[in-house]
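Student: I would like a close look at one part of this predicted model. Please pick a part where strands and a core can be discussed together, and explain the terms as you go.

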Amino acid sequence: YEHDYMAFGYKNSRIWIKLDILNLSQKPKYLEIDQPRLDKIDVYKISENEIIEAKKNIGYKHPFNNREVDHRNFVFNVSTSEKPVTYIFRIESSGRITFNMTLLSKDEFLIKSKRENIFIWTFIILMTLFGFYFLFSFYLFRDKELVYFCLFNILFVIWGLTYSGIG
């Protein structure tokens, strides 16, 4: 693949991805799909030509508790094995389908998640503070444009929470 990420654009059809993973380490790993807005993901885990595990109805339009790991992105456990295990992903989305798939150890995954969360929550907190600043400024000056700035900030925070997969 030419890019660091998978980009399929807007598709009305399903996308199938097949990965053969051999995890010889003594620790399980996580496979992360870093796009929280995919509508539906079905995962099939196959070993020696038999489906050993199937996870269906994971995605943006399905309950959060269907996910294997409680995270804003889609994260799947990759257990240790002495033989390659095939993972088949069936992905559907009404929006643009662009994402990275990353295989990480638990420690790497936690560090990456903490860094992302610090950035996301710093941004959301700053935007919320700006909203309160504009609301307070409106209280002092009675300039209706400040109400528009306040509403814009509130809506932008809600959009940011939704877009990042937190809200």
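Tutor: A residue is called buried when its relative accessible area is under 20%, exposed when it is over 50%, and partly exposed in between, using a 1.4 Å probe and protein chains only. By that rule Phe99 is buried, because its relative accessibility is 1%. Phe8, with a relative accessible area of 26%, is therefore partly exposed. Residue numbers start from 1 along each chain as its sequence is written. In this predicted model local features need pLDDT of at least 70 and side-chain atom pairs need 80 or more, while totals for chains, interfaces and linings use all residues; side-chain values use heavy atoms, without hydrogens and water.

Four strands make up an open sheet, ordered 2-7-4-5, with antiparallel pairing. Strands here are DSSP runs of E with at least two residues, and helices are runs of H or I with at least four, numbered from the N terminus. Two strands pair if DSSP finds at least two bridges between them. Strand 2, residues 15–21, and strand 5, residues 50–58, are the edges; each has a single partner strand, so one side of each has no neighbour in the sheet. From one strand to the next, the twist averages 15°. Such angles, from 0 to 180 degrees, are taken between the N-to-C directions of lines fitted to C-alpha atoms, for helices over the stretch in contact.

Seven bridges link strand 2 to strand 7, which spans residues 85–92, and the two run antiparallel. Within this pairing, Asp20 has Thr86 as its bridge partner, and Lys18 stands opposite Ile88.

Strand 7 is mostly covered, with six of its eight residues buried.

Strand 4 in turn is connected to strand 5 by six bridges, and these two also run antiparallel. Val43 takes part in this pairing too: its bridge partner in strand 5 is Lys55. The two strands make a hairpin with two residues between them, and Glu48, in the turn, has a positive phi of about 50°.

Ile52 belongs to strand 5. Apart from neighbours within four places in sequence, Ile52 is in contact with Lys45, Ile46 and Ser47, contact meaning heavy atoms within 4.5 Å. Between the C-alpha atoms of Ile52 and Val85 the separation is 9.7 Å, although the two residues are 33 apart along the chain.

Next comes the core. In soluble globular proteins, nonpolar side chains tend to be buried together. A nonpolar core is a set of buried Ala, Val, Leu, Ile, Met, Phe, Trp, Tyr and Cys residues joined through side-chain atoms within 4.5 Å. The largest one in this model has 19 residues, and Ile33, Leu38, Ile41, Phe76, Phe89 and Phe99 have the most contacts inside it. At least two residues of this core come from each of strand 2, strand 3 (29–33), strand 4 (40–47), strand 6 (74–78), strand 7 and strand 8. Strand 7 supplies the largest share, four residues.

Ile41 shows what these contacts look like. Leaving out residues up to four places away in sequence, Ile41 touches Ile33, Phe74, Phe76, Phe89, Arg90 and Ile91, and also Lys55, Lys56, Asn57 and Ile58. There is also a second, separate core of five residues, among them Tyr30, Val69, Val75 and Phe109.

Finally, back to Phe99, which is one of the core residues with the most contacts. The structure contains nine aromatic pairs. Rings of Phe, Tyr and Trp (its six-membered ring) pair when their centres lie within 6.5 Å, and count as stacked if the planes are under 30 degrees apart, edge-to-face if over 60, and tilted otherwise. Phe8 and Phe99 make a tilted pair, with 6.3 Å from centre to centre and 35° between the planes. Phe8 is in strand 1, residues 6–10, and Phe99 in strand 8, residues 96–99, so this pair ties together parts 91 residues apart in sequence.
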